[in-house]
Amino acid sequence: MTPSTAEQSDHSAALIEHVDVLIVGAGVSGIGCAYHLQTEQPGNSYVILEAREATGGTWDLFRYPGIRSDSDLHTFGYEFKPWLDEKAIADGSAILSYIRETASENSIDRHIRTGHRVTRAEWSSEDARWTVEVIRAGSGETLHLSCRWLFCAGGYYRYEEGYTPEFAGIERFAGQVVHPQHWPEDLDYAGKRVVVIGSGATAMTLIPAMTDTAAHVTMLQRSPSYVISVPQKDPIANALRRFLPADTAYALARKKNIWLQKTVYRLSRSRPKLVRRILRAGVKRQLPAGYAVDTHFKPSYNPWDQRLCAVPDGDLFEAISSGRASVVTDRIDAFTEHGIRLVSGEELAADIVVTATGLNLLAFGGIELSVDGEPVELSQTMTFKAMMLSDVPNFAFAIGYTNSSWTLKVDLVCEYLGRLLAHMDEHGYDSCMPHTDDPTMTTRPLLDFGAGYVQRSVHAFPRQGSRAPWSLAMSYAEDVKNLRHGGIEDPELVFARRTPAADVAPAPVLAA
């Protein structure tokens with residue numbers, strides 16, 4: 001007897017591997033989410049799918065010289081795992097080892113599948129589950145998994161390509177052009193003249209790192225950024241660790257640095273002129289007498305309209321003071337055969353040009369979402385507690401702070417998700433969806449931030465609302481109150497139990 005089409009469909013669905021939570025991304029956010037899930041919700045199964053062939057996310061992708069954190073590791077590190085290195089501003093390789101060590105010592109790595117790119121996810125209200133389409137690297141094979149909850153932990157950078165503006169005449173340049181996101185392992189810049197285009201954290205990291213062997217490195221910027229010198233080694237954190245248990249010392253250093261980040265940000269917003277003067281004085285003190293500080297280090301915007309660039313132990317200023325590096329503030333007219341011609345008429349000679357011109361953004365890794373057959377238009381959704389989307393059930397994501405360490409927010413989001421799952425299990429709910437009918441609600445961009453890389457792409461992202469819980473809180477203290485200690489029930493959070501035509505038992509989880 002030939003089975004009916006419906007019976008065939010039910011049989012295929014039963015063979016699809018099913019997990020309670022599917023985590024997309026095996027970087028700092030995905031590993032953190034997995035830790036919280038298995039610690040706080042050990043009864044829930046999970047799998048982490050990583051599109052690239054390695055774990056670590058950003059810290060494995062970027063390989064340019066000197067790559068490091070721009071936040072201290074006492075706040076960028078996980079709350080549950082002390083950072084024990086004496087460097088608070090850490091090298092990229094040390095951060096990558098820390099993330100992978102976290103995965104290994106907690107057996108999270110057993111749940112990770114690299115080379116698995118999630119392309120589509122379709123929600124069925126009848127089944128109260130997501131069906132996820134996955135492309136396997138190498139073979140190109142298409143796989144399908146299903147899950148109760150889908151958690152996007154890939155951040156918002158497009159990993160395939162960085163951002164490079166169109167430069168007139170670039171094809172005439174006889175030297176080499178490199179983007180930091182795709183740094184060649186065999187790039188030899190010893191004795192070479194290097195021009196780094198850009199004035200962000202990447203440029204300011206590259207320049208002192210390359211001056212060790214390059215003949216000279218020039219930072220070419222269209223406009224200045226705020227720069228602050230910070231100690232690479234935190235003397236208070238290191239002193240505490242000598243006298244206290246590691247967990248206690250780490251917790252105290254973390255609280256101290258959270259307070260410091262909050263204080264600097266609030267002062268920047270309330271008294272911007274004062275902070276401008278303090279930052280300028282700090283730069284002037286570390287540069288040679290008579291240096292054109294206002295030309296090269298006096299931005300037109302206020303502090304924290306864009307993120308401050310931190311340079312450990314003033315290494316950028318030391319490179320400039322020694323003559324091994326210089327800063328040019330001008331606009332590019334065109335590339336020439338031997339370098340870059342500026343609008344002022346000056347020509348910068350170069351053997352290598354590094355385009356540290358920013359990143360491209362991509363919401364949720366480009367995953368196409370649909371709910372009951374209707375595509376989700378991300379720009380038409382609003383974020384609930386900056387971690388869920390309006391009218392999209394059982395979906396969560398991690399986006400960290402722009403004014404503080406990324407991982408501070410991720411830890412809180414993952415804690416809240418664990419409490420939310422426990423609440424649903426306790427009450428027998430199958431789905432949870434943020435929804436509002438408030439006609440007075442207005443919206444603004446989710447990433448309300450002046451950086452160019454944000455402004456280029458933010459129109460394709462979800463939006464935030466004009467009031468809580470739809471607004472994005474850039475405050476760790478407020479998020480601790482709402483995400484860690486606040487109640488789960490909310491008038492604009494809709495819980496439901498599924499009413500399918502027939503219950504189908506989920507297939508067992510297959511071995512990774």
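Two residues are in contact when their heavy atoms lie within 4.5 Å of each other. The structure is a predicted model, in which local features need pLDDT of at least 70 and side-chain atom pairs count only at pLDDT 80 or more, whereas totals for chains, interfaces and linings use all residues. Residues are numbered from 1 along each chain as its sequence is written, and side-chain values use heavy atoms, with hydrogens and water left out.

**Overall form**

- The protein contains 14 helices and 27 strands; helices (H or I, at least four residues) and strands (E, at least two) are DSSP runs, numbered from the N terminus.
- The radius of gyration of the protein, taken over C-alpha atoms, is 25 Å, close to the 24 Å that the globule rule gives for 512 residues, so the protein is as compact as a globular protein of that length. The globule rule is 2.2 Å times the number of residues to the power 0.38.
- Along the principal axes, the C-alpha atoms of the protein fill a box of roughly 85 × 55 × 50 Å.
- Of the 512 residues, 51% count as buried; buried means under 20% relative accessible area, exposed means over 50%, and partly exposed lies in between (1.4 Å probe, protein chains only).
- Among contacts between residues at least 6 apart in sequence, 71% join residues at least 24 apart.
- The protein exposes about 22900 Å², and carbon and sulfur atoms supply 51% of this area. Accessible areas come from the Shrake-Rupley method with a 1.4 Å probe, and for residues only the protein chains shown count as cover.

**Buried residues and their contacts**

- Pro180 is found in the loop between strand 8 (176-178) and strand 9 (193-197), and it counts as buried at 3% relative accessibility.
- Residues up to four places away in sequence aside, Pro180 touches Phe62, Tyr64, Thr202, Leu206, Val354, Thr355 and Ala356.
- The C-alpha atoms of Pro180 and Arg63 are separated by 7.6 Å, although these residues are 117 residues apart along the chain.
- Thr383 lies in strand 21 (residues 383-384) and is buried, with a relative accessible area of 0%.
- Beyond its neighbours within four places in sequence, Thr383 is in contact with Met388, Leu389, Phe397, Leu446, Pro462, Arg463, Gln464, Pro469 and Trp470.

**One side of helix 14**

- In helix 14 (residues 476-484), the buried residues are Tyr476, Asp479, Val480 and Leu483.
- These residues cover an arc of only 110° around the axis, which puts them on the same side of helix 14; the arc is that of the directions from the helix axis to the C-beta atoms.
- An α-helix has 3.6 residues a turn, so residues three or four places apart point the same way.
- The cover over the buried residues of helix 14 includes helix 8 and helix 12 (406-427).

**Salt bridges**

- A salt bridge is a side-chain nitrogen of Lys or Arg within 4 Å of a carboxyl oxygen of Asp or Glu, and by this rule the count comes to 27 salt bridges.
- Side chains of opposite charge can pair when their charged atoms come close.
- Lys256 and Asp234 meet through their side chains in a salt bridge (2.6 Å, N to O). Lys256 lies in helix 8 and Asp234 in the loop between strand 11 (227-230) and helix 7, so the pair ties together parts that are 22 residues apart in sequence.
- Lys256 counts as partly exposed at 25% relative accessibility, whereas Asp234 counts as buried at 9%.
- Arg52 forms a salt bridge with Asp60, and their closest N and O atoms are 2.8 Å apart. Arg52 is partly exposed, with a relative accessible area of 21%, while Asp60 is buried, with a relative accessible area of 5%.
- Arg269 and Asp305 form a salt bridge in which the closest N and O atoms are 3.0 Å apart. This pair links distant parts of the chain, 36 residues apart: Arg269 is in helix 8, and Asp305 is in the loop between helix 10 (293-296) and strand 12 (309-312).
- Salt bridges that share partners join Arg52, Asp60, Arg63 and Arg100 into one network.
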